[in-house]
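Thanks for coming. Please have a look at it first.

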Amino acid sequence: MSKPVYDVEQRPPLARWIPLSFQHVFAMFSATVLVPLLTGLNPAVALFTSGIGTLLYIAITGGKVPTYLGSSFAYIAPLIAVSASYGVEYALGAGFCVGIFYLFVALIIRQAGTRWLDRMLPPVVIGSVIIVIGLKLAPTAMNMAMYPFADPSQGYNAGFVLIAAVTLGIAIVSMIVLKGFFTVIPILIGIAGGYLFALIMGSFLPVFSIIDFTPVAEASWFGFAKFAFPKFSLVPIVTFLLVSMATIAEHLGDTMVLSKVVGRDFYKNPGIHRTLAGDGAATALASLFGGPPNTTYGENIGAMAISRVYSVWVIGGAAVVAILLSFIQKVGALIQTIPTPVMGGISMMLFGIIASAGIRTVVESGVDYTCKRNLTITSVILVIGIGGGKIFFPITEGLNFELADVALATFVGIVLNLILPQSLNEVDEEQHTVDEAESLPEV
């Protein structure tokens, strides 16, 4: 493993600390504000709660885990459904209960240990799920890089592809060619370079002009976010709790990926119960202010893998910046002018790293794919997760719970791991021995 530029406890000098923190802000920004934009919540509140939640997470984990928490995509469908049927306040109440449920599961882990989790979620399951998480995001990156509004129905746009390619190229060159401090902020350099290229391209070719500064001009310099407060009802709570089973698995996977990236076992120190409790507390707090449920962000893990900067101080700095941006409206509006293809180009790198981390998990864990059991589990997880499998559970009239994609693949993977006999591996090992013996030359 490469030596870190800044390890978890190390605090960079201020001149490096600020741009490194901004790099994480850029990595999380589009996803964090996209969830409230899709679900009718306030983007400024989402920024505020992601920053506050990240600082709370850092405090609960004792400053030992460099993780950024932002808006969870897993709750987009239930947020929209519950808000339409009951009102947004009841969706917030359900999100609060998810955070409390996380804390309950964390308490069980603290008392009973993680052996039952290891039985449910061995490396063959977790690694396969992580691969699905990364590859499932791949179409999102390509849509952002190729189509206006990331919508294929809008038609292919050559200007988008060019901007995305230039952004990705700048980031790759920055990571490989540049020396010193510049090698640890390739994402920031890539976004800045892609943004500048898009500006220049738009000035010479108006047909490709995709940056609109109108929101910046119209935004106030300072303003308070419009907070909302939760209400509670049984059906929304049940809906969100079912989804939380998948997001708990996502948390376990992200924590394992981060452990691999940083080179520390966060499952043991500070303990998965503390990381899950931090995630739950952040989600509960977000719902109290009117923000969407939080989750650990793979984009920021990817940024750390590229830069080799694992400092919790840098993550904390990004959280403070997010809080400030929620009040400095012009800066937030300026960041929102970053063109979609610029983020698409960067996402090609970030999402690919997530999938690669899953491959690394199964390889370093010694998962043997000559064994039918392992091969079956991974095959089914990949096909269901990437193929878009989904099932529906009716909860009440007009409201269904959907288990789809990553969540369904995780559930099926857990079930297969529990019901497929270990003897399948033993049979394969015996056959492998026979095959080796038969392949030996006669003496």
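One definition before anything else: a residue is buried under 20% relative accessible area, exposed over 50%, and partly exposed in between. Keep in mind that this is a predicted model.

Start with Arg-264. Its relative accessible area is 28%, so Arg-264 falls in the partly exposed class. Glu-9, at 46%, is partly exposed too. These two form a salt bridge, with the closest N and O atoms 2.7 Å apart. Arg-264 sits in the loop between α11 and α12, and Glu-9 in the segment before α1, so the pair ties together parts that are 255 residues apart in sequence. Asp-7 belongs here as well: Asp-7, Glu-9 and Arg-264 are linked in a network of salt bridges.

How many salt bridges does the count come to? Four.

Next, Glu-364. Lys-260 forms a salt bridge with Glu-364, and the closest N and O atoms there are 3.9 Å apart. Because Lys-260 lies in helix α11 and Glu-364 in helix α16, this pair ties together parts that are 104 residues apart in sequence. Glu-364 also meets the side chain of Arg-360 in a salt bridge, at 3.0 Å from N to O. Arg-360 and Glu-364 are both in α16, four residues apart, which is about one turn of the helix. Arg-360 has a relative accessible area of 28% and is partly exposed; Glu-364, at 48%, is partly exposed as well.

Now α16 itself. The helix covers residues 340-364, which is 25 residues, and spans 35 Å from first C-alpha to last, close to the expected 36 Å. Where does α16 bend? At Ser-347, by about 35°. After the helix comes Gly-366, with a positive phi near 75°.

On to the cysteines. There are zero disulfides in the structure. Cys-97 has 19% relative accessibility and so counts as buried. Cys-371 counts as buried at 4%.

Last, the surface. Leu-196, Leu-199, Ile-200, Phe-204, Leu-205, Phe-213 and Leu-334 make a nonpolar patch of about 660 Å². Which helix gives the most to that patch? Helix α9, residues 186-204, with four residues. Leu-334 is found in another element, helix α15, residues 329-335. With a relative accessible area of 40%, Leu-334 is partly exposed.

That is what I have.

Terms used: Residues numbered from 1 in each chain as written. Predicted model: local features only at pLDDT ≥ 70, side-chain atom pairs only at ≥ 80, totals over all residues. Heavy atoms only, no water. Helix = DSSP H or I, 4+ residues; strand = E, 2+ residues; numbered from the N terminus. Expected span 1.5 Å × (residues − 1). Bend = angle between axes of the 7 residues up to and from the residue. Disulfide = S-S within 2.5 Å. Buried < 20%, exposed > 50% of the residue type's maximum accessible area, 1.4 Å probe, protein only. Patch = residues over 30% accessible without salt bridge, like charges linked within 9 Å, V, L, I, M, F, W, Y side chains within 5 Å. Areas by Shrake-Rupley, 256 points an atom, 1.4 Å probe, with all protein chains shown as cover.
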